[in-house]
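Open the model in your viewer and keep the selection panel at hand. The stops below go from confidence to folds, then to single elements and the contact between chains.

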Amino acid sequence: MSSTGARLLGARLPTHPMAWWIWALGLAAAASRTTNPFLLLLIVAAAAFVVVARRPLTTWARGFRAYLIFGLVVVAIRTVFHIVLGGGYGETVLVWLPEIMLPEWSAGIRIGGAVTAEGLASAVYDGMRLATLLVCVGAAVTLADPRRLLKSLPGALYEAGLVVVVAVSMAPALIESAVHVRRARQLRGTSARGSRAFRSIAMPVLDQALGRAVALAAAMDARGYGRVGSLTVGARRTSAALLLAGLLGLCLAGYGLLDAATPGSVTVPALVVGVAASVIGLVIGSRRMVRSRYRPDRFDLRSALVALCGLAVAALFFLTELSGLAISHPSTFPLDWPQLALIPLIGIAIAALPGVASTPIEPPPELTQGPLVPNLLAQGVLESEVGVGHRVADRVRVR
Amino acid sequence: MSIARTRPVSAGPPLAAGDARPVRIGARSASALVIATVFGIGAFGWPLLVSPDSGIAHGLDAPLIFGAMLLLVVAVVLALLADGGMDAKAVAMLGVLAAIGAALRPLGAGTAGVEPLFFILILGGRAFGPGFGFVQGATTLFASALLTGGVGPWLPFQMLGAAWIGLGAGLLPAVRGRREVALLCAYAAVACLLYGFVMNLSFWPFGLGPNTSVSFVPGDAVLDNLTRFAAFSLTTSLGWDLGRAITVTILVALTAAPVLRALRRAGRKAAFDPVVTFVPQR
């Protein structure tokens with residue numbers, strides 16, 4: 001690629017976390033539209049390919065394997081449930097298990113009995129769909145650190161996001177503090193167990209943590225955190241009214257979805273109005289926050305491409321489901337061999353595209369070269385504002 | 001003067017001595033909480049409410065659609081609560097309590113049902129009021145999901161469920177001493193069982209799928225579906241839910257008095273209630 005082209009595509013900017021989430025949710029939406037085991041496996045393969053190619057070099061990004069294992073567990077649980085509590089679906093009996101008869105009031109619950117090929121296939125297909133969905137979420141979590149997403153939260157949710165950032169950066173410190181208190185007790189030769197140990201370890205840790213909260217608040221206050229900007233009374237009222245209207249719309253739409261008797265002419269507008277009013281209300285409310293962002297994530301062309309890939313996959317799978325049910329949902333009764341078709345396969349290729357088309361991950365600079373702080377900044381260790389904040393707060397004592 | 005700023009802060013009803021209210025609930029956030037609760041009942045109880053020919057009665061769609069909507073609903077409620085007044089002190093206190101909850105969560109992983117997270121949530125909601133409890137529940141679950149990698153379609157449901165527990169703890173009647181501990185223990189047992197029950201209910205069709213004899217049948221009589229649901233709970237999560245209810249109740253019984261004392265002392269030290277206003281010079 002020419003250097004101009006690379007610049008145009010923003011070769012230097014890392015992919016925006018929101019783009020990864022849109023891509024992964026697109027894949028998840030695609031997976032929810034099919035029970036074809038081959039297509040589901042291909043979606044998992046595409047997600048895994050992109051994860052392997054583009055996962056950041058942080059400890060955070062090692063969790064993808066756990067999601068894969070969890071997916072397998074889901075399929076296994078479903079299969080076991082089907083074998084033990086199967087509902088007599090299908091006619092090709094594989095095994096007869098001893099059956100336990102339950103009384104009349106048990107609403108048709110059956111333990112044991114025939115295990116059929118059709119029933120097993122349907123349980124495994126359905127389990128695979130759920131597992132694929134979980135793997136897609138896992139891919140998003142691995143590729144886009146949700147903590148970076150917090151930085152892109154709208155200002156109206158600034159405080160809630162800040163709470164989460166404080167919590168995430170302080171939880172390890174708490175465990176450290178517990179270890180310190182325990183060591184101090186051991187040095188003093190006390191070795192109480194049970195509820196006594198709780199009092200002598202947990203209470204000092206709690207007191208320390210609460211004291212730290214007060215100190216952190218003072219440090220944040222002194223630097224203008226949580227300061228409310230200039231939003232007129234009118235704008236605040238508009239924002240609140242929009243948010244409440246949005247909530248009402250969402251509530252109406254939710255119950256409309258549940259009840260088939262509600263005409264679509266009520267549910268759909270309620271949903272649209274609800275979402276729109278909530279989002280606009282959040283945007284207007286965001287103006288009350290005056291803040292600058294350190295190293296904001298930018299949504300460049302490459303990020304847009306990643307997001308578009310996800311949307312395209314979802315669209316192609318919806319199209320497949322609309323056009324031919326046999327490909328999206330292979331018949332399990334009678335049991336047929338699942339077929340593949342061109343359109344979903346194109347979708348799979350598009351799903352894997354970000355693995356080559358998105359910005360490559362740059363290895364972090366070596367810690368030993370150059371001054372420490374710029375290096376830490378480059379690695380994102382010092383990135384969170386609060387991380388800096390409470391290091392300061394540790395030095396501030398409030399009387 | 002440039003920093004002249006007067007911001008209406010709802011005073012609220014008079015409080016019992018020593019109870020700080022870092023997150024105030026005004027008329028707006030109160031109505032938001034009511035609407036969100038009504039929506040949440042539908043989102044959690046959808047298997048019992050859905051009509052059989054509704055488009056979302058089958059397959060995986062309902063929990064996903066409701067999950068996405070719930071995320072927006074929780075975001076809107078949090079925005080309205082924050083707008084009602086949440087200063088740096090409230091943010092810091094919430095952050096620390098959410099950190100304690102998130103740090104406690106891995107302790108329970110792997111041990112059936114031991115989830116100590118809920119006890120700090122109940123005590124936090126009790127000491128600092130319903131608004132604080134709501135935000136604490138939502139943010140604790142979110143933060144712990146980030147720390148333990150538990151992000152999934154169930155997260156919005158967990159956030160609202162935990163937020164309800166914190167809110168409820170703040171709304172309990174004002175008693176002190178031993179009666180308070182007894183009240184909190186009873187609340188902890190009921191809340192933990194209900195939490196497990198509604199989480200299970202909303203993900204029962206999603207987690208189990210069709211075609212087993214304990215599966216959800218859309219549009220079947222509520223009682224029959226409930227019987228199958230009870231059988232499903234019995235075989236899967238009842239041990240888990242009971243374990244959680246018992247451990248949380250025991251934790252509350254043992255620690256409520258000292259922990260509440262520490263929280264209330266911190267609340268007094270932080271002095272949440274006095275509101276500083278700048279009056280322009282004339």
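**Confidence in chain A**

Chain A has an average pLDDT of 79, and 78% of its residues reach at least 70; pLDDT is the predictor's confidence in each residue, from 0 to 100. This is a predicted model, in which local features need pLDDT of at least 70, side-chain atom pairs count only at pLDDT 80 or more, and totals for chains, interfaces and linings use all residues. Residues are numbered from 1 along each chain as its sequence is written, while chains are lettered from A and ligands numbered from 1 in the order in which they are written.

Colour chain A by pLDDT. Confidence in chain A is highest in helix α3 (residues 37-54), at a mean of 94, and lowest in helix α16 (residues 385-395), at 41. Helices (H or I, at least four residues) and strands (E, at least two) are DSSP runs, numbered from the N terminus.

Next, select residues 1-10 of chain A, where the pLDDT is below 50 and the model has 8 contacts beyond near neighbours in sequence. Two residues are in contact if their C-beta atoms, placed from the backbone, lie within 7 Å. Then select residues 372-399 of chain A: pLDDT stays under 50 here too, and the model has 37 contacts beyond four places in sequence. Where pLDDT is low, the predicted coordinates should not be read in detail.

**Chain A as a whole**

Switch to a cartoon view: chain A has 16 helices and 2 strands. Of its 399 residues, 40% are buried, meaning that 20 or more other C-beta atoms lie within 10 Å of the residue's own, with C-beta atoms placed from the backbone. Colour chain A by domain: domain 1 (14-148 + 296-361), domain 2 (153-229 + 364-399) and domain 3 (232-288). These bounds come from an automatic or database domain assignment. Between domain 1 and domain 3 of chain A, the C-alpha centres lie 31 Å apart.

**A:Ala46**

Zoom in on A:Ala46, which sits in helix α3 of chain A. Is A:Ala46 buried or exposed? A:Ala46 counts as buried because it has 25 C-beta neighbours inside 10 Å. Beyond its neighbours within four places in sequence, A:Ala46 is in contact with A:Ile348, A:Ala351 and A:Ala352.

**Chain B and its helix α8**

Move to chain B, which has 10 helices and 0 strands. Buried residues account for 53% of its 282 residues.

Select helix α8 (residues 178-208) of chain B. Its 31 residues should span 45 Å at 1.5 Å a residue, and the end C-alpha atoms are 43 Å apart, which agrees; the expected span is 1.5 Å times one less than the number of residues. Follow α8(B) to B:Ser202, where there is a kink of about 45 degrees, shortly before the proline B:Pro205. The bend at a residue is the angle between axes fitted to the seven residues ending there and the seven starting there. After α8(B) comes B:Gly209, with a positive phi near 80 degrees.

**Where the chains meet**

Finally, show both chains. The contact takes 79 residues from chain A and 76 residues from chain B. On the side of chain B that touches chain A, α3(B) gives the largest share, 14 residues.

Conventions
A residue is buried if 20 or more other C-beta atoms lie within 10 Å of its own, exposed if 12 or fewer, and partly exposed in between; C-beta atoms are placed from the backbone.
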